[in-house]
Amino acid sequence: MLRLTTWRWVPSFARGLVRDVRVRWALEELGLPYETRLIAHGDADFGGYFSQQPFGQVPVLEDGDLVLFESGAIVLHLAGKGTALMPEDPADRARVMTGVLAALNTVETAIVPLVEIDLFYADQPWAEQRRPDAEAQARKRLAELSSWIGGRDYLLGAFSAADLMMASVLRPLQHSGLVEADPNLCRYRDRCLSRPAFERALADHYADLDGTGPSQGR
Ligand SMILES: N[C@@H](CCC(=O)N[C@@H](CS)C(=O)NCC(=O)O)C(=O)O
(Lines give C-alpha, C1' and ligand atoms only; values in the text may rest on other atoms or scores of the structure.)
Protein backbone atom coordinates (compact mmCIF):
# COMPACT_ATOMS: atom_id res chain seq x y z
CA MET A 1 0.00 0.00 0.00
CA LEU A 2 1.12 3.54 -0.74
CA ARG A 3 0.68 6.19 1.94
CA LEU A 4 1.31 9.88 1.36
CA THR A 5 1.95 12.19 4.30
CA THR A 6 1.09 15.85 4.01
CA TRP A 7 -0.12 18.79 6.09
CA ARG A 8 -3.62 18.79 7.55
CA TRP A 9 -3.70 22.60 7.36
CA VAL A 10 -1.64 25.26 5.63
CA PRO A 11 -1.95 29.08 5.49
CA SER A 12 -4.08 30.37 2.64
CA PHE A 13 -1.13 31.38 0.44
CA ALA A 14 0.12 27.78 0.45
CA ARG A 15 -3.21 26.13 -0.36
CA GLY A 16 -2.89 24.31 -3.67
CA LEU A 17 0.88 24.76 -3.72
CA VAL A 18 2.09 22.22 -1.16
CA ARG A 19 4.47 19.72 -2.69
CA ASP A 20 2.14 16.80 -2.01
CA VAL A 21 0.26 17.91 -5.16
CA ARG A 22 3.06 16.82 -7.50
CA VAL A 23 3.20 13.41 -5.80
CA ARG A 24 -0.58 13.02 -5.99
CA TRP A 25 -0.35 13.97 -9.67
CA ALA A 26 2.18 11.20 -10.34
CA LEU A 27 0.01 8.71 -8.43
CA GLU A 28 -3.01 9.72 -10.51
CA GLU A 29 -1.14 9.52 -13.82
CA LEU A 30 -0.11 6.00 -12.91
CA GLY A 31 -3.53 5.01 -11.56
CA LEU A 32 -2.02 3.96 -8.24
CA PRO A 33 -4.34 3.91 -5.21
CA TYR A 34 -3.00 5.56 -2.07
CA GLU A 35 -3.95 6.65 1.42
CA THR A 36 -3.12 9.99 2.97
CA ARG A 37 -1.81 10.61 6.48
CA LEU A 38 -2.46 14.18 7.54
CA ILE A 39 -0.14 15.73 10.09
CA ALA A 40 0.34 19.07 11.84
CA HIS A 41 3.38 20.66 13.47
CA GLY A 42 1.47 20.51 16.75
CA ASP A 43 0.85 16.76 16.65
CA ALA A 44 2.03 15.08 19.83
CA ASP A 45 4.09 12.57 17.89
CA PHE A 46 5.52 15.08 15.44
CA GLY A 47 9.02 14.51 16.85
CA GLY A 48 8.91 10.93 15.59
CA TYR A 49 8.23 12.21 12.11
CA PHE A 50 11.84 13.36 11.79
CA SER A 51 12.90 9.71 11.55
CA GLN A 52 10.95 9.63 8.27
CA GLN A 53 11.67 13.17 7.03
CA PRO A 54 14.89 14.58 8.54
CA PHE A 55 13.78 18.17 7.87
CA GLY A 56 10.25 17.83 9.24
CA GLN A 57 8.72 18.70 5.87
CA VAL A 58 6.16 17.10 3.59
CA PRO A 59 5.69 15.09 1.46
CA VAL A 60 6.68 11.63 2.62
CA LEU A 61 5.67 8.53 0.70
CA GLU A 62 5.58 5.10 2.27
CA ASP A 63 5.68 2.26 -0.24
CA GLY A 64 5.43 -0.78 1.99
CA ASP A 65 8.55 -0.67 4.16
CA LEU A 66 10.24 1.90 1.96
CA VAL A 67 9.97 5.45 3.32
CA LEU A 68 10.87 8.23 0.89
CA PHE A 69 11.08 11.99 1.20
CA GLU A 70 11.98 14.72 -1.35
CA SER A 71 9.21 15.20 -3.88
CA GLY A 72 11.60 14.64 -6.79
CA ALA A 73 12.82 11.30 -5.44
CA ILE A 74 9.23 10.25 -4.76
CA VAL A 75 8.03 11.19 -8.25
CA LEU A 76 10.96 9.36 -9.86
CA HIS A 77 10.32 6.31 -7.70
CA LEU A 78 6.67 6.26 -8.71
CA ALA A 79 7.48 6.96 -12.36
CA GLY A 80 9.61 3.82 -12.39
CA LYS A 81 6.54 1.73 -11.64
CA GLY A 82 5.10 2.10 -15.15
CA THR A 83 5.59 3.73 -18.50
CA ALA A 84 3.08 6.60 -18.17
CA LEU A 85 5.75 8.95 -16.82
CA MET A 86 8.98 7.18 -17.67
CA PRO A 87 9.87 5.70 -21.07
CA GLU A 88 11.43 2.25 -21.33
CA ASP A 89 14.51 3.16 -23.35
CA PRO A 90 17.48 3.69 -20.98
CA ALA A 91 18.69 6.84 -22.75
CA ASP A 92 15.19 8.33 -22.68
CA ARG A 93 14.88 7.45 -18.98
CA ALA A 94 18.12 9.32 -18.33
CA ARG A 95 16.73 12.30 -20.25
CA VAL A 96 13.55 12.28 -18.16
CA MET A 97 15.59 12.19 -14.94
CA THR A 98 17.62 15.12 -16.26
CA GLY A 99 14.40 17.03 -16.90
CA VAL A 100 13.12 16.34 -13.39
CA LEU A 101 16.37 17.55 -11.86
CA ALA A 102 16.45 20.59 -14.14
CA ALA A 103 12.97 21.48 -12.91
CA LEU A 104 13.95 21.16 -9.25
CA ASN A 105 17.54 22.25 -9.26
CA THR A 106 17.67 24.92 -11.96
CA VAL A 107 14.18 26.29 -12.54
CA GLU A 108 12.56 25.97 -9.08
CA THR A 109 15.63 27.43 -7.39
CA ALA A 110 15.43 30.48 -9.68
CA ILE A 111 11.73 30.95 -8.94
CA VAL A 112 11.61 30.41 -5.18
CA PRO A 113 13.33 33.69 -4.17
CA LEU A 114 10.69 35.73 -6.02
CA VAL A 115 7.83 33.60 -4.69
CA GLU A 116 9.15 33.92 -1.15
CA ILE A 117 9.42 37.70 -1.41
CA ASP A 118 5.89 38.01 -2.78
CA LEU A 119 4.17 35.45 -0.57
CA PHE A 120 6.12 35.55 2.71
CA TYR A 121 8.07 38.78 2.95
CA ALA A 122 6.21 41.41 0.94
CA ASP A 123 5.92 43.68 4.00
CA GLN A 124 9.62 43.49 4.93
CA PRO A 125 11.64 46.68 4.45
CA TRP A 126 14.21 44.90 2.23
CA ALA A 127 11.63 43.25 -0.06
CA GLU A 128 11.26 46.20 -2.42
CA GLN A 129 15.02 46.45 -2.88
CA ARG A 130 15.56 42.72 -3.41
CA ARG A 131 12.56 42.05 -5.66
CA PRO A 132 13.90 43.39 -9.00
CA ASP A 133 16.89 41.04 -8.88
CA ALA A 134 14.71 38.11 -7.91
CA GLU A 135 12.30 38.85 -10.74
CA ALA A 136 15.15 39.22 -13.24
CA GLN A 137 16.57 35.87 -12.16
CA ALA A 138 13.19 34.18 -12.60
CA ARG A 139 12.58 35.88 -15.98
CA LYS A 140 15.97 34.75 -17.29
CA ARG A 141 15.35 31.11 -16.36
CA LEU A 142 11.83 31.18 -17.78
CA ALA A 143 13.11 32.55 -21.09
CA GLU A 144 15.72 29.78 -21.23
CA LEU A 145 13.10 27.17 -20.40
CA SER A 146 10.81 28.53 -23.10
CA SER A 147 13.64 28.26 -25.65
CA TRP A 148 14.31 24.68 -24.56
CA ILE A 149 10.67 23.77 -25.05
CA GLY A 150 10.66 25.50 -28.42
CA GLY A 151 7.58 24.57 -30.42
CA ARG A 152 7.23 21.12 -28.83
CA ASP A 153 4.29 19.99 -26.75
CA TYR A 154 6.48 18.43 -24.06
CA LEU A 155 10.12 18.55 -23.01
CA LEU A 156 11.08 15.11 -24.28
CA GLY A 157 8.56 13.92 -26.81
CA ALA A 158 5.63 12.43 -24.90
CA PHE A 159 4.42 13.75 -21.52
CA SER A 160 6.71 12.44 -18.78
CA ALA A 161 7.77 12.96 -15.18
CA ALA A 162 9.94 15.82 -16.46
CA ASP A 163 6.84 17.76 -17.60
CA LEU A 164 4.95 16.89 -14.43
CA MET A 165 7.75 18.39 -12.37
CA MET A 166 8.42 21.35 -14.66
CA ALA A 167 4.75 22.39 -14.72
CA SER A 168 4.60 21.89 -10.94
CA VAL A 169 7.50 24.22 -10.23
CA LEU A 170 5.95 26.92 -12.44
CA ARG A 171 2.66 26.92 -10.50
CA PRO A 172 3.67 29.20 -7.60
CA LEU A 173 4.43 31.98 -10.10
CA GLN A 174 0.81 32.40 -11.06
CA HIS A 175 0.41 35.61 -9.04
CA SER A 176 3.31 37.24 -10.90
CA GLY A 177 2.06 36.87 -14.50
CA LEU A 178 5.60 35.94 -15.61
CA VAL A 179 4.57 32.66 -17.23
CA GLU A 180 1.52 34.27 -18.85
CA ALA A 181 3.85 36.89 -20.38
CA ASP A 182 5.43 34.16 -22.52
CA PRO A 183 2.71 32.56 -24.69
CA ASN A 184 4.87 29.54 -25.54
CA LEU A 185 5.63 28.78 -21.91
CA CYS A 186 2.08 29.51 -20.86
CA ARG A 187 0.69 27.06 -23.44
CA TYR A 188 3.16 24.42 -22.23
CA ARG A 189 2.23 24.88 -18.59
CA ASP A 190 -1.49 24.88 -19.34
CA ARG A 191 -1.18 21.82 -21.58
CA CYS A 192 0.36 19.94 -18.65
CA LEU A 193 -2.02 21.28 -16.01
CA SER A 194 -5.12 20.49 -18.08
CA ARG A 195 -4.50 16.78 -17.66
CA PRO A 196 -7.32 15.07 -15.74
CA ALA A 197 -4.78 13.44 -13.43
CA PHE A 198 -3.61 16.87 -12.29
CA GLU A 199 -7.16 18.05 -11.71
CA ARG A 200 -7.89 14.97 -9.56
CA ALA A 201 -4.65 15.48 -7.64
CA LEU A 202 -5.47 19.10 -6.87
CA ALA A 203 -9.06 18.27 -5.90
CA ASP A 204 -7.85 15.60 -3.48
CA HIS A 205 -5.27 18.00 -2.02
CA TYR A 206 -8.06 20.50 -1.26
CA ALA A 207 -10.39 17.77 -0.01
CA ASP A 208 -7.80 16.72 2.56
CA LEU A 209 -7.15 20.32 3.64
CA ASP A 210 -10.86 21.01 3.95
CA GLY A 211 -11.60 17.83 5.85
CA THR A 212 -13.74 16.40 3.10
CA GLY A 213 -11.04 13.80 2.27
CA PRO A 214 -8.96 11.81 2.78
CA SER A 215 -8.45 10.50 -0.69
CA GLN A 216 -8.28 6.87 0.36
CA GLY A 217 -8.97 4.23 -2.22
CA ARG A 218 -8.01 5.95 -5.45
N1 LIG B 1 12.85 19.71 -1.28
C2 LIG B 1 11.69 19.28 -0.54
C3 LIG B 1 10.97 20.51 -0.02
C4 LIG B 1 9.83 20.13 0.90
C5 LIG B 1 9.13 21.37 1.42
O6 LIG B 1 9.65 22.49 1.37
N7 LIG B 1 7.94 21.15 1.98
C8 LIG B 1 7.16 22.23 2.52
C9 LIG B 1 5.73 22.16 2.03
S10 LIG B 1 5.67 22.40 0.29
C11 LIG B 1 7.12 22.09 4.02
O12 LIG B 1 6.82 21.04 4.54
N13 LIG B 1 7.43 23.20 4.72
C14 LIG B 1 7.35 23.25 6.14
C15 LIG B 1 8.67 23.39 6.77
O16 LIG B 1 9.68 23.54 6.09
O17 LIG B 1 8.71 23.36 8.01
C18 LIG B 1 10.76 18.44 -1.44
O19 LIG B 1 10.75 18.70 -2.65
O20 LIG B 1 10.08 17.55 -0.94
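Predicted model: local features only at pLDDT ≥ 70, side-chain atom pairs only at ≥ 80, totals over all residues.
## The ligand and its neighbours

Start with the ligand. Around the ligand stand Trp7, Val18, Arg19, His41, Gln57, Val58, Pro59, Glu70 and Ser71. Sorted by class, this shell holds four nonpolar, three polar and two charged residues.

Glu70 places a polar side-chain atom 2.7 Å from a ligand nitrogen atom. Val58 uses its backbone instead: one of its polar backbone atoms is 2.9 Å from a nitrogen atom of the ligand. Gln57 has a polar side-chain atom 3.0 Å from a ligand oxygen atom. How much of the ligand does the protein bury? On its own, the ligand exposes 510 Å². The protein buries 72% of that area.

## The largest pocket

Where does the ligand sit? Its place is the largest pocket. This pocket holds about 1,100 Å³ of space. Its lining counts 38 residues. Leu17, Val18, Arg19, Gln57 and Val58 lie nearest the centre. Val18, Arg19, Gln57 and Val58 are also among the residues that surround the ligand.

Now look at the helices. Helix 1 (20-30), helix 3 (71-79), helix 4 (90-119) and helix 6 (161-170) each give at least two residues to the pocket lining. Which element gives the most? Helix 4 does, with nine residues. By class, the pocket lining has 24 nonpolar residues, eight polar ones and six charged ones.

## The cavity

The whole structure was also searched for cavities. How many reach 30 Å³ or more? The search finds one. The largest cavity has a volume of about 30 Å³. Its lining is made of Thr6, Trp7, Val18, Asp20, Arg24, His205, Asp208 and Leu209. Strand 1 (2-7), helix 1 and helix 8 (196-209) are the elements that supply two or more of these residues.

Helix 8 has the largest share of this lining, at three residues. The classes here are three nonpolar, two polar and three charged.

Most residues other than glycine have a negative phi, and most peptide bonds are trans. This model shows an exception to each pattern. The bond between Val58 and Pro59 is cis, with omega at about 5 degrees. Pro59 belongs to the loop that runs between helix 2 (46-49) and strand 3 (60-63).

Where is Glu70 found? The loop between strand 4 (66-69) and helix 3 holds this residue. Glu70 is also the residue with a polar side-chain atom 2.7 Å from a nitrogen atom of the ligand.

Methods:
Residues numbered from 1 in each chain as written. Heavy atoms only, no water. Near = heavy atom within 4 Å. Polar contact = N/O pair within 3.5 Å; in protein donor to acceptor, adjacent residues only side chain to side chain. Areas by Shrake-Rupley, 256 points an atom, 1.4 Å probe, with all protein chains shown as cover. 1 Å grid on protein atoms, 1.4 Å probe; cavity = no way out; pocket = protein on both sides within 12 Å on 5 of 7 lines; lining within 4 Å. Sits in = over half its atoms within 2 Å of the grid points. Nonpolar A, V, L, I, M, F, W, Y, C, P; charged D, E, K, R; others polar. Points joined across faces, edges and corners; volume = space filled by probe spheres on them. Helix = DSSP H or I, 4+ residues; strand = E, 2+ residues; numbered from the N terminus.
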